[in-house]
Amino acid sequence: MDNENGTETVGRGDKGSSGEDSFRNLSGFKIKALYGPEDISHLNPETDLGLPGEYPFTRGIHKTMYRQRPWTIRQLGSLDSPSRANERIRHLLKMGATGISLCLDMPTIMGKDSDDPLAEGEVGSCGGVAIDSIEDMRHLLEGIPIDEVSINFVSNSQSAVLLAMFVAVAAERNIPLEKLTGTMQNDILKEYQAQKSYYFPPRPSMRLTVNTLSFCNKFLPRFNPISISGYHLASAGATPVQELAFTLANGFTYVEEGIRSGLSVDSFAPRLSFFFKAHNDFFENIAKFRAARRIWAKTMRERFEAKDRRSCILRMHAQTSGSSLTAHQAENNIIRVTTQALSAVLGGTQSLHTNAFDEAVSIPTTGSEKLALRTQQIISKESGVINTIDPLAGSYYVEALTNQMETECYKYFKEIENLGGVISAIEKGYYARIIADSAFNYQEEIEKRKRTVVGLNEFFEEEEIDIELRAADPGFEDEKISGLTDLKKNRDQALVKTCLNDIREVSQGSDNIMPALIKAVKSYVTLGEIIGEMKEVFGEYREDYIY
Amino acid sequence: MSRGRKKRILIAKPGLDGHDRGVKVVARALRNAGMEVIYAGLHQTPLQIVNAAIDEDVDAIGLSILSGAHNTIFPKIISFLKDRGASDILVFGGGTIPKKDLKNLKSLGIGEIFTTGTDTHEIIDYLDRTLKR
């Protein structure tokens with residue numbers, strides 16, 4: 001970032017990226033050649049940094065950080081069929097993973113059963129698991145200690161239904177609900193903004209999310225009912241500062257909605273969790289994580305008047321950047337993932353998922369998956385970076401960048417507020433516009449070689465690239481459908497009808513929907529049937545396409 | 001296509017997947033290159049896409065598929081186009097599509113498939129070349 005004598009370098013003439021313009025981070029901030037005391041003259045170490053484990057948590061959320069509490073090594077444990085996913089989860093745990101993330105297949109994500117005509121060709125797709133009924137949830141979790149190992153369901157629009165299945169299976173296994181650990185991603189706002197797996201309009205979706213918040217607050221005190229996610233915003237194209245600002249604004253919106261529904265802020269805010277991307281720019285990422293904690297803490301205390309210190313703590317999961325991985329010279333991705341993972345650790349994450357190097361061309365193999373996991377273990381146990389807490393605090397550059405991230409965030413907060421808040425900004429196309437612009441700019445920078453991607457626009461080598469989709473077993477779709485057909489045939493049909501009627505009634509009213517969902521999943525009503533019934537009441541969302 | 005008319009391209013994302021970063025970048029790149037782009041949006045069925053292509057009188061259909069459903073969806077689109085006597089509409093695609101599937105898709109009548117890492121100019125050049133004939 002800086003040169004030998006610490007002066008500004010103009011037009012350093014290497015091929016490809018060159019000149020002053022290349023000294024910018026991914027958010028577009030111009031990076032100076034040298035940082036010094038004058039860059040952090042406004043920083044008050046006591047109030048802006050504090051000690052680790054103390055307000056405003058800039059230096060981390062625990063007093064001793066990784067010396068006593070290593071981050072959770074959380075890898076993806078999903079596969080097409082619930083029983084195969086179960087085997088994979090066991091395998092990952094045996095290799096030393098300490099948490100699991102579970103992705104769903106596209107039909108489940110879109111609230112459709114495997115036998116839905118629109119699910120054709122997509123059952124078990126994208127390395128995700130197909131969940132139609134409680135039967136699938138039983139197989140998925142069989143023998144997994146769900147009161148000890150936290151499972152993060154990468155589930156959004158259908159989270160209330162999956163939570164109902166999860167709770168029902170725990171009850172069958174006589175696990176007290178208050179012991180259940182885990183997370184539902186359940187962040188619906190970013191679906192409209194980026195990932196696009198929505199079906200209901202934003203307001204009924206928000207109601208479902210608030211229902212789960214309030215249900216978990218009462219019955220599942222150790223469970224994270226929501227993981228407010230910037231990762232998808234960044235994958236869709238948002239720059240790191242946009243990712244940070246939009247995610248925090250979404251977080252504040254959930255807090256407002258929780259309060260509006262009658263919950264006290266300290267009753268649910270401690271269980272809100274976050275998920276960010278660890279992207280290519282090393283120090284920018286660290287600054288992003290530190291700024292996230294500080295902004296959250298200050299806003300929770302000052303604006304929402306939280307009294308419980310845990311309400312002010314931003315706990316996060318991080319994942320290295322899938323969108324930074326290349327199909328060309330795929331082994332280079334091992335190094336990308338390593339530096340990104342290191343930045344997440346130096347940024348103070350609580351949980352980390354390292355991507356497998358072959359993800360741009362296939363669903364990870366057992367070998368690449370193991371390498372990704374071992375990368376974390378090497379950082380944790382060999383590199384020595386965990387020996388002291390928050391080693392970068394006080395760095396002129398890191399602190400200046402953290403401040404800059406914070407300042408820029410407030411500009412976005414103001415814009416969103418001026419549009420009438422997050423939901424209204426979604427409806428006005430604000431996010432679609434900004435994210436499309438950022439995604440296009442990024443592509444253009446790569447094509448014009450203003451931004452280097454090693455092995456792609458510089459140091460390119462001719463090679464045969466092949467993509468391998470470890471698609472579900474060829475027979476899996478038929479097998480899944482036939483199992484589902486049997487299940488639908490052999491259940492108490494009258495009970496199914498009653499359950500669906502109940503769901504319709506509760507949807508029309510304002511009571512918490514969770515009890516009706518739990519009763520329904522126990523009676524073998526399927527996910528697709530439940531979502532279908534809710535769509536009748538809530539309607540379906542259609543966005544204006546902006547590109 | 002008739003002389004002097006701008007190329008009209010329907011861009012769509014069939015299937016259930018909503019990851020639309022790539023499809024939107026391509027749509028904008030084609031628009032910036034002077035083509036008329038109609039973006040049909042997410043979650044389109046093959047029949048909806050074919051109907052839109054005929055209604056909009058397009059020269060080509062560009063499809064983005066990242067979910068692995070290409071072997072189900074592409075053939076349906078080709079066959080619906082044939083049924084409607086619209087096989088002159090060029091179909092091209094992009095996404096995560098293995099090489100072993102390319103041959104089969106091309107033999108069905110898909111013009112070209114652009115996979116990850118493609119420069120948008122490659123797509124523009126391809127359409128310039130192919131739609132001139």
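Me: How many of the six residues of β4(B) are buried?

Reply: This is a predicted model, in which local features need pLDDT of at least 70 and side-chain atom pairs count only at pLDDT 80 or more, while totals for chains, interfaces and linings use all residues. Residues are numbered from 1 along each chain as its sequence is written, and chains are lettered from A and ligands numbered from 1 in the order in which they are written. A residue is buried if 20 or more other C-beta atoms, placed from the backbone, lie within 10 Å of its own, exposed if 12 or fewer, and partly exposed in between. β4(B) is largely enclosed by the rest of the structure, because the number of its six residues that are buried is five.

Me: Over how many bridges do β3(B) and β4(B) pair?

Reply: Helices (H or I, at least four residues) and strands (E, at least two) are DSSP runs numbered from the N terminus, and two strands pair if DSSP finds at least two bridges between them. B:Ile61 stands opposite B:Val91 in β4(B). The pairing of β3(B) with β4(B) is in the parallel sense, and its number of bridges is six.

Me: In what order do the five strands of the open sheet in chain B lie?

Reply: Strands of a sheet pair through backbone hydrogen bonds, either parallel or antiparallel. β2 and β5 of chain B each have a single partner strand, so they stand at the edges. The pairing in this open sheet is parallel, and the order is β2-β1-β3-β4-β5.

Me: Which residue in β3(B) is the bridge partner of B:Ile11?

Reply: Strand β1 (residues 8–14) of chain B runs parallel to strand β3 (residues 60–65) of chain B, and four bridges join them. The bridge partner of B:Ile11 in β3(B) is B:Gly62.

Me: What angle does the direction of α3(B) make with that of β4(B)?

Reply: Two residues are in contact if their C-beta atoms, placed from the backbone, lie within 7 Å. Axes are lines fitted to C-alpha atoms, for helices over the stretch in contact, and angles run from 0 to 180 degrees between N-to-C directions. α3(B) packs on the sheet and touches β1, β3 and β4 of chain B; the angle between its direction and that of β4(B) is about 165 degrees.

Me: Which element gives the most to the side of chain B that touches chain A?

Reply: In total, 29 residues of chain B are in contact with 33 residues of chain A. The elements of chain B that give two or more residues to this side are α1, β2, α3 and α5. With five residues, the element that gives the most is α1(B).

Me: At roughly what angle do the axes of α5 and α7 of chain A cross?

Reply: Angles under 35 degrees count as roughly parallel, over 145 as roughly antiparallel, 65 to 115 as roughly perpendicular and the rest as oblique. By this rule α5(A) is roughly parallel to α7(A). The axes come within 9 Å, and their crossing angle is roughly 30 degrees.

Me: Which residue in β7(A) is the bridge partner of A:Ile228?

Reply: A:Ile226 and A:Ile228 on one side of β6(A), and A:Ser227 and A:Ser229 on the other, are all buried. β6(A) and β7(A) pair in the parallel sense over four bridges. The bridge partner of A:Ile228 in β7(A) is A:Phe274.

Me: Which residue in β9(A) stands opposite A:Ile73?

Reply: Both faces of β1(A) are covered, with A:Ile73 among its buried residues. Two bridges join β1(A) to β9(A), and these strands run parallel. The residue in β9(A) opposite A:Ile73 is A:Leu352.

Me: Is A:Phe57 buried or exposed?

Reply: A:Phe57 has a positive phi of about 65 degrees although it is not a glycine. A:Phe57 is found in the loop between α1 and β1 of chain A. Because 26 other C-beta atoms lie within 10 Å, A:Phe57 is buried.

Me: Which residue does a cis peptide bond join to A:Tyr55?

Reply: The residue in question has its place in the loop between α1 and β1 of chain A. Omega of the cis peptide bond is about 0 degrees, and the residue joined to A:Tyr55 is A:Pro56.
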